[in-house]
Amino acid sequence: MLNKIRKISIGSDYKNEAMHYSVGQSVYGGHTICDILEPEQGEYMIYITKNNEVLPWKKFNNNMAIAVEFDLEYSE
């Protein structure tokens, strides 16, 4: 089962120094984060979109301090 990731935070000091990335966030010259995926165990990819073009933007692995927030929207 693929869990939908809503937000990922990179860095050991979550509150003060970590970088936070959320789906829907505007980044990099007018692009928007469209997906945060875990294609392999312990690897995270952030994809951005602009003008209907989806691009891979950032890749992280679990050698870094990572906090993942899942999308908790449930269907009934």
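Analyst: Buried residues make up 25% of the 76 residues in the protein chain. Buried means under 20% relative accessible area, exposed means over 50%, and partly exposed lies in between, with a 1.4 Å probe and protein chains only. This is a predicted model, in which local features need pLDDT of at least 70 and side-chain atom pairs count only at pLDDT 80 or more, while totals for chains, interfaces and linings use all residues. Residues are numbered from 1 along each chain as its sequence is written, and side-chain values use heavy atoms, with hydrogens and water left out.

Now the core. The largest nonpolar core has 11 residues. Such a core is a set of buried Ala, Val, Leu, Ile, Met, Phe, Trp, Tyr and Cys residues joined through side-chain atoms within 4.5 Å. Its members are Ile5, Ile8, Ile10, Tyr21, Val27, Ile33, Ile36, Tyr44, Ile46, Ile48 and Phe60. Strand S1 (5-10), strand S4 (31-40) and strand S5 (43-50) each give two or more residues to this core.

What secondary structure does the protein chain have? It has zero helices and seven strands. Helices (H or I, at least four residues) and strands (E, at least two) are DSSP runs, numbered from the N terminus.

The strands form sheets. Strands of a sheet pair through backbone hydrogen bonds, either parallel or antiparallel. Two strands count as paired if DSSP finds at least two bridges between them.

S3 and S4 pair over two bridges in the antiparallel sense. Val27 has His31 in S4 as its bridge partner. Val27 is also one of the core residues. Setting aside residues up to four places away in sequence, Val27 touches Ile33, Ile48 and Trp57. Contact means heavy atoms within 4.5 Å.

Further along this sheet, eight bridges join S5 to strand S6 (residues 53-61), and the two run antiparallel. The core residue Ile46 has Lys58 in S6 as its bridge partner. Two residues lie between the strands in the hairpin of S5 and S6, where Asn51 takes a positive phi near 55°.

Glu43 sits in strand S5. Its relative accessibility is 16%, so Glu43 counts as buried.

Next comes another open sheet. Three strands make it up, in the order S2-S1-S7, with antiparallel pairing. Strand S2 (19-22) and strand S7 (66-70) are at the edges; each has a single partner strand, so one side of each is left without a neighbour in the sheet. On average, neighbouring strands here are turned by 15° against each other, direction ignored. Those angles use axes that are lines fitted to C-alpha atoms, for helices over the stretch in contact, and run from 0 to 180 degrees between N-to-C directions. S1 and S2 pair over four bridges in the antiparallel sense. Ile10 stands opposite Met19 in S2.
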